[in-house]
Amino acid sequence: MSALERLVENLAAVRLPEVFNPWRDYDKLYDQEPTAPEIRCRQLRDYLRIRLGRAKYIFLAEGLSYQGGKFTGIAMTSERILLGHHALIKPQAVMDLQAVRCSRAYGQN
């Protein structure tokens with residue numbers, strides 16, 4: 001197992017009382033499906049993988065935000081960007097691979 005795989009696996013293993021771990025936990029109210037944590041793990045791995053050997057620095061951010069990293073699995077990145085719904089930032093600026101939506105549509109039960 002690579003260091004990158006271990007990093008994501010270790011993130012997914014963290015369990016803290018009353019803290020939502022997006023790489024482990026499923027939010028019945030806001031996640032689209034129970035596989036959302038696995039999707040977030042995959043998207044984080046993909047995001048980091050394309051930067052291996054290229055990025056001089058990787059900044060870790062605390063607090064993934066309600067509408068951003070909580071759904072993408074990537075800090076400071078929103079689903080709007082990854083899914084191509086942002087007017088200024090194209091998904092390819094973040095990931096080379098096709099992202100998957102994790103959140104429910106607003107008002108969906």
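Q: Which side chain does Arg40 meet in a salt bridge?
A: In this predicted model, the side chain of Arg40 meets that of Asp31 in a salt bridge, at 3.0 Å from N to O.

Q: Are those two, Arg40 and Asp31, buried or exposed?
A: Both Arg40 and Asp31 are buried.

Q: How many salt bridges does a search of the whole structure find?
A: The search finds four. One of them is the Arg40 and Asp31 pair.

Q: What does Arg45 form a salt bridge with?
A: Arg45 forms one with Glu5, and the closest N and O atoms are 3.6 Å apart. Arg45 is in helix α2 and Glu5 is in helix α1, so this pair ties together parts that lie 40 residues apart in sequence.

Q: Is Arg45 buried or exposed?
A: Arg45 counts as buried, because its relative accessibility is 19% and the cut-off for buried is under 20%.

Q: And what does Glu5 count as?
A: Glu5 counts as partly exposed, at 27% relative accessibility.

Q: Which residues is Arg45 in contact with, leaving aside neighbours within four places in sequence?
A: Arg45 is in contact with Leu4, Glu5 and Val8. Glu5 is also the salt bridge partner of Arg45.

Q: What separates the C-alpha atoms of Arg45 and Ile74?
A: A distance of 9.3 Å separates the two C-alpha atoms, while along the chain Arg45 and Ile74 are 29 residues apart.

Q: OK, next pair. Which residue does Arg49 form a salt bridge with?
A: Arg49 forms a salt bridge with Asp46, and here the closest N and O atoms are 3.1 Å apart.

Q: Where do Arg49 and Asp46 sit relative to each other?
A: Both are in helix α2, three residues apart, so about one helical turn separates them. Asp46 is buried, with a relative accessible area of 10%. Arg49 is partly exposed, with a relative accessible area of 39%.

Q: Which residues are linked in a network of salt bridges?
A: The network links Glu5, Arg45, Asp46 and Arg49.

Q: α2 keeps coming up. How many residues does α2 have?
A: α2 has 14 residues. From its first C-alpha to its last, α2 reaches 20 Å, close to the 20 Å expected at 1.5 Å a residue.

Q: Is α2 mostly covered or mostly exposed?
A: α2 is mostly covered, with ten of its 14 residues buried. Among the buried ones are Ala36, Pro37, Ile39, Cys41 and Leu48.

Q: Stepping back, how many helices and strands does the protein have?
A: The protein has four helices and zero strands. Starting at the N terminus, the order of elements is α-α-α-α.

Q: How many residues does the largest nonpolar core have?
A: The largest nonpolar core has 13 residues, and those with the most contacts inside it are Leu44, Leu82 and Met95. At least two residues of this core come from each of α1, α2 and α4 (79-82).

Q: What does Leu82 touch, not counting residues up to four places away in sequence?
A: Leu82 touches Gln43, Thr72, Ile74, Thr77, Pro91, Val94, Met95 and Ala99.

Q: What share of the whole protein is buried?
A: Buried residues make up 37% of the 109 residues. The protein exposes about 7400 Å², and carbon and sulfur atoms supply 57% of that area.

Q: What about contacts between residues at least 6 apart in sequence: how many join residues at least 24 apart?
A: Of those contacts, 52% join residues at least 24 apart.

Q: New topic. What is positive about Glu18?
A: Glu18 has a positive phi of about 60 degrees, although Glu18 is not a glycine.

Q: Where is Glu18 found?
A: Glu18 is in the loop between α1 (3-13) and α2 (36-49).

Q: And why does Glu18 count as exposed?
A: Glu18 counts as exposed because its relative accessibility is 85%, and the cut-off for exposed is over 50%.

Q: Last thing. What pLDDT does the protein average?
A: The average pLDDT is 83, and 87% of the residues score at least 70.

Notes
Residues numbered from 1 in each chain as written. Predicted model: local features only at pLDDT ≥ 70, side-chain atom pairs only at ≥ 80, totals over all residues. Heavy atoms only, no water. Buried < 20%, exposed > 50% of the residue type's maximum accessible area, 1.4 Å probe, protein only. Core = buried A, V, L, I, M, F, W, Y, C linked by side-chain atoms within 4.5 Å. Contact = heavy atoms within 4.5 Å. pLDDT = per-residue confidence, 0-100. Expected span 1.5 Å × (residues − 1). Areas by Shrake-Rupley, 256 points an atom, 1.4 Å probe, with all protein chains shown as cover.
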